[in-house]
Amino acid sequence: MIAVLKKRFCMPYRSIADQVGLSYATLMRWKRRIADGQPAVQRPGPKKVKPLDIEQLKRKISALDHGSKRSRGTGRLYGAVAEQISRRDLNRLIIQARRESNRQRAAGLCRVRWLRPNLAWAMDDCRKTLIGGGRLHLHNLSDLCSRYKLPPMASDYLPCGEEVAGHLVRLFSRFGPPLFCKRDNGGNLNHAAVNRALSEAMVIPINSPVYTAPYNGAIEHTQGEFKDYLKRWQWKAKSLRQLVLLAETAAHDINHRPRRCLKGQTACRTYYGNDRLAYPKRKRKAVYRWIQDLAERISIGLGKDVITHTAWRIAAKQWLLENGLIQIVKAGKVLPNLS
């Protein structure tokens, strides 16, 4: 367009610069670059003069500690190759390597498919920062087979062990106790009152390994669903009481969404179906003894004097597999656009 203005209208370059919205210096700089056979617009930043061994750089990038969203050691690596590659290009290579690492990690994971509603629940706590600056704490429980969200306990503080135990007792009387309950290692979730409530209902607890959130990934996904709902609708709540009601409304709405993993059915319909598990206390005692005996044998074989959490998880998994109540599914290959 600049050449057309110059040739057809014989306009001076300063007037042309004003017409196209550029400074005169920028226009003349672009003109010199084009005359020298170079691109008019060049990449910002200092020019890299040292040659770069791209294969060696890729090996160093692969050796970084890649997490799900961050790669540790990126700054130290850039300091070593700052004269050879820009930070923008280095970050692009690191992002590609991190996505490939996450894809390979996901392909190697196993997923547990629970086959009976009310067989196992999962519980956990989360907190949601509100628009006004406060925080709403949610104690959530979810059925692992049907994805049914049980009524949450919401407040402006983290519930203590006695409150968690009381909430469990109310849910057990309303919905019937499950056979297993998955939880992490939080103090309020492993309180003596909680253990007593589980023991009285003959519910077998399964603790997640330390710092292993994917082991209880279903409840982690539930937390995200609640947070997304509250983020969308919290403007309706003007007080803490209304926020508590909104959290219960969130559970209701989420339970009535069709889910692809349930073949288009809702969590509510699946949970209240005919296949719902209900073990009497005599059967629960037999299951507990079976798991306890196997866990003791595993712990003795490992040279332990007490039953470890790992041995307990292995024994519970073995009982579930032998009774056809779960399936272990390999994640398999993950497409790059779905990672």
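**Ground rules.** I count residues from 1 along each chain as its sequence is written, and my side-chain values use heavy atoms, with hydrogens and water left out. As the model is predicted, local features need pLDDT of at least 70, side-chain atom pairs count only at pLDDT 80 or more, and totals for chains, interfaces and linings use all residues.

**Helix α9.** Helices here are DSSP runs (H or I, at least four residues), strands are E runs of at least two, and both are numbered from the N terminus.

Next I looked up burial (buried is under 20% relative accessible area, exposed over 50%, with a 1.4 Å probe and protein chains only). I219, T222, Q223, E225, F226, Y229 and L230 are buried in α9. They cover an arc of only 160° around the axis, going by the directions from the axis to the C-beta atoms, so they lie on the same side of α9. The face turned away from that side carries exposed H221, D228, K231 and R232. Among what covers the buried residues I noted β4 (120-129), β5 (135-143) and α10 (240-255).

**Serine 299.** I found S299 in helix α12 (residues 281-301). S299 counts as buried because its relative accessibility is 2%. Leaving aside neighbours within four places in sequence, S299 is in contact (heavy atoms within 4.5 Å) with K304, V306, I307, T308 and A311.
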